[in-house]
Amino acid sequence: MSRPLNKMSRIAAKTASLPQGLRSFILTKLFGRIVPFLSTASVQFEEVSAARLVVSLKNRRKVQNHIKGVHAAAMALLAETSTGFVMGMNVPDDKLLLLKSMHVDYQKRSQGDMRAVATLSDDQIELLHSTEKGNFSVNVEISDESGEAPIQCEMVWAWLPKKRD
C-alpha cells in the first residue's frame, strides 16, 4: 500500500539514486543533525529503508571501554539508534516516537567493530499507520567482527499523537 512519506523517509528518498558509499555518508551527516550524539559517537548509517536499517560503529578510542572493546553504552546506542530510526522511517509526521523500554543482556566480550540490524514486519508498519497510539518491540540483531552477538536487546518503542486533545 502506498502511503505518504514522512519527513525522515523524504530525506532518505532524496539520496536513493546516489552510489551506496556516498548515500551512506550523506545520510550519516543528515541523521547526525537530527540526533547530534550520533555524530559524537561516529555512528554510520549503512542501509536505510522502511523495513530494515543498518548502522555500524568502529572500535575507536572514543567509544572504547577499559579493555579496549566497544563500551557497553555504545553497544546499547547502536541498538537504540537502529530501532529508533527504522521506526522513524515509518511513523507518521503527526505522531511522536518514544523509546518505552530498553533491555540489554551482555553475553560476551565484543571483538572489533559493531553492527546493528533493525527490522520491522509489514504488520508492524501497518500498525504504525493504522492506530492512533501503541507500542511494540522492534527486532534488532547486534554483531561484532567475529559475526557473533555480544549483546541481546529488546527495544520497545511507542508512538502517540503529537498534539494532546
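**Stop 1: R52 and E47.** Select R52 and E47 and show their side chains. R52 and E47 form a salt bridge, with the closest N and O atoms 2.8 Å apart. A salt bridge here is a side-chain nitrogen of Lys or Arg within 4 Å of a carboxyl oxygen of Asp or Glu. R52 is partly exposed, at 31% relative accessible area. E47 is partly exposed too, at 29%. On this scale, buried means under 20% relative accessible area, exposed means over 50%, and partly exposed lies in between (1.4 Å probe, protein chains only).

Before going on, note what you are looking at. This is a predicted model, in which local features need pLDDT of at least 70 and side-chain atom pairs count only at pLDDT 80 or more, while totals for chains, interfaces and linings use all residues. Residues are numbered from 1 along each chain as its sequence is written, and side-chain values use heavy atoms, with hydrogens and water left out.

**Stop 2: the whole chain.** Zoom out and color by secondary structure. The chain has five helices and six strands. Helices (H or I, at least four residues) and strands (E, at least two) are DSSP runs, numbered from the N terminus. Read from the N terminus, the order is α-α-α-β-β-α-β-β-α-β-β.

Now consider the overall dimensions. The C-alpha atoms fill a box of roughly 50 × 35 × 25 Å along the principal axes. A compact globule of 165 residues would have a radius of gyration near 15 Å; this chain has 16 Å, which agrees. That radius is taken over C-alpha atoms, and the globule rule is 2.2 Å times the number of residues to the power 0.38.

Switch to a surface view. The chain exposes about 9,300 Å², and carbon and sulfur atoms supply 53% of that area. Accessible areas come from the Shrake-Rupley method with a 1.4 Å probe; for residues, only the protein chains shown count as cover. Buried residues make up 42% of the 165.

**Stop 3: R115 and E46.** A search of the whole structure finds seven salt bridges. Select R115 and E46 for one of them. Their side chains meet at 3.2 Å, N to O. R115 lies in strand β4 (residues 114–119) and E46 in strand β1 (residues 44–48), so the pair ties together parts that are 69 residues apart in sequence. R115 is partly exposed, at 32%. E46 is partly exposed as well, at 30%.

**Stop 4: D113 and K58.** Select D113 and K58. They form a salt bridge, with the closest N and O atoms 3.8 Å apart. This pair links distant parts of the chain: D113 is in the loop between β3 (95–106) and β4, K58 is in the loop between β2 (52–57) and α4, and they are 55 residues apart. D113 counts as partly exposed, at 25%. K58 is also partly exposed, at 47%.

**Stop 5: helix α4.** Select residues 72–88. Is this helix mostly covered or uncovered? It is mostly covered: 14 of the 17 residues in α4 are buried. At 1.5 Å a residue, α4 should span 24 Å, and its end C-alpha atoms are 24 Å apart, which agrees. The expected span is 1.5 Å times one less than the number of residues.

**Stop 6: Y106.** Select Y106, in strand β3. Y106 is partly exposed, at 45%. Which residues does Y106 touch, not counting those up to four places away in sequence? They are A72, A73, M75, A76, P150 and I151. Contact means heavy atoms within 4.5 Å. For a distance check, pick the C-alpha atoms of Y106 and S49: they are separated by 28 Å, and the residues are 57 apart along the chain.

Stop 7: Most residues other than glycine have a negative phi. Select S42, in the loop between α3 and β1. Its phi is positive, near 65°. S42 counts as buried, at 12%. Next select K68, in the loop between β2 and α4. K68 has a positive phi of about 70° and is not a glycine. K68 is exposed, at 57%.

**Stop 8: a nonpolar patch.** Finish with I34, V35 and F37. They make a nonpolar surface patch of about 260 Å². F37 is in helix α3 (residues 36–41). Patches are made of residues with over 30% relative accessible area and no salt bridge: like charges are joined within 9 Å, nonpolar side chains (Val, Leu, Ile, Met, Phe, Trp, Tyr) within 5 Å.
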